[in-house]
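This report describes a single structure, shown below. It covers strand pairing, the nonpolar cores, aromatic pairs and salt bridges.

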Amino acid sequence: QNIDGKFIQAILAWFNKESVDAAFDDRLPEHAPPKRAHVYIHSLDPGLKDKCWSLVFDVRPSGDAIGVNIARQVGKQTTRGIVALGVRWHQAYEQKETPTAKDGLAYIETGVDTTALGGHMFRDLLEEYISIKSFEFGGMAKVKRQLLSDLRTALDEHRLHMPASGFWAEVRRQLKN
């Protein structure tokens, strides 16, 4: 894409810069407590040698998702530490065991990146405490493309809303890179 020979966006950028910037809102708090009758999605990205991420989004009936919690552990991780991070934030937002919130209780689904060999170990340990869904993010190129494509669509359609401060600022930087 160019206008008068000037590039609008870097050739290799996967996510549109304007869409990424629009997803971050200075008015949203870094952390929001769980609310009754809400449905949450929780993503856990275990990393033993670098960073371990936990993100929680409040999924609205409209299909929009609002970031309500983010936690990151940096440096060499322990298996117990990663499992504790996943269990802690899953349990913080869980109030029932069925995928609806019609009776006034909150519900949460946790997805775990089980790409690396250790990911399967984390999956097994996490399942001792909470119900999870496994995602092989880096295994098959088709799966990775589909997940990234879905994320790009959500950003372009302005269905993702995240706080602009704290660890959320790192998420913004990574999306732009």
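Which residue in β6 is the bridge partner of Val59? The bridge partner is Ala65. The model is predicted, so local features need pLDDT of at least 70 and side-chain atom pairs count only at pLDDT 80 or more, while totals for chains, interfaces and linings use all residues. Residues are numbered from 1 along each chain as its sequence is written, and side-chain values use heavy atoms, with hydrogens and water left out.

**Strand β5 and its partners**

Helices (H or I, at least four residues) and strands (E, at least two) are DSSP runs, numbered from the N terminus. Two strands pair if DSSP finds at least two bridges between them. By that rule β5 and β6 pair in the antiparallel sense over nine bridges. The two strands form a hairpin with five residues between them, and Gly63 in the turn has a positive phi of about 100°. Strand β4 (residues 39-45) also pairs with β5 in the antiparallel sense, over seven bridges. Within that pairing, Ile41 has Phe57 of β5 as its bridge partner.

Burial is stated by relative accessible area: buried means under 20%, exposed over 50%, and partly exposed in between (1.4 Å probe, protein chains only). Seven of the nine residues of β5 are buried, so the strand is largely enclosed by the rest of the structure.

**Nonpolar cores**

A nonpolar core is a set of buried Ala, Val, Leu, Ile, Met, Phe, Trp, Tyr and Cys residues joined through side-chain atoms within 4.5 Å. The largest one has 17 residues, and those with the most contacts inside it are Phe24, Leu155, Met162, Val171 and Leu175. Elements that each supply at least two residues of this core are α1 (17-23), β5 (51-59), β6 (65-74), α4 (141-156), β9 (160-163) and α5 (168-176). A second, separate core has twelve residues, including Ala71, Val83, Leu85 and Val112.

Contact means heavy atoms within 4.5 Å. Leaving aside neighbours within four places in sequence, Leu175 is in contact with Phe15, Val20, Phe24, Leu151, Leu155 and Met162. Phe24 lies in strand β3 (residues 24-25) and is buried, at 8% relative accessibility. Not counting residues up to four places away in sequence, Phe24 touches Met162, Pro163, Ala164, Trp168, Val171, Arg172 and Leu175. The C-alpha atoms of Phe24 and Ala169 are 8.5 Å apart, although the two residues are 145 residues apart in sequence.

**Aromatic pairs**

Rings of Phe, Tyr and Trp (its six-membered ring) pair if their centres lie within 6.5 Å; planes under 30 degrees apart count as stacked, over 60 as edge-to-face and the rest as tilted. A search of the whole structure finds three such pairs. In one of them, Trp53 and Phe167 are edge-to-face, at 6.4 Å centre to centre and 80° between the planes. Trp53 lies in strand β5 and Phe167 in the loop between β9 and α5, so this pair ties together parts that are 114 residues apart in sequence. Trp53 is buried, with a relative accessible area of 8%, whereas Phe167 is partly exposed at 32%.

The rings of Phe57 and Trp168 are also edge-to-face, with centres 5.7 Å apart and planes at 80°. Phe57 belongs to strand β5 and Trp168 to helix α5, so the pair links parts that are 111 residues apart in sequence. Both residues, Phe57 and Trp168, are buried.

**Salt bridges**

Side chains of opposite charge can pair when their charged atoms come close. A salt bridge here is a side-chain nitrogen of Lys or Arg within 4 Å of a carboxyl oxygen of Asp or Glu. The whole structure holds seven of them, among them these:

| Arg172 | Asp21 | 3.4 Å |

Arg172 is partly exposed, at 23%. Asp21 and Arg172 are also linked with Lys17 and Lys176 in a network of salt bridges.

Asp58 is buried, with a relative accessible area of 1%, while Arg60 is partly exposed at 30%. Arg173 and Glu170 are three residues apart in helix α5, which means they are separated by about one helical turn. Arg173 is partly exposed at 41%, and Glu170 counts as buried at 16%.
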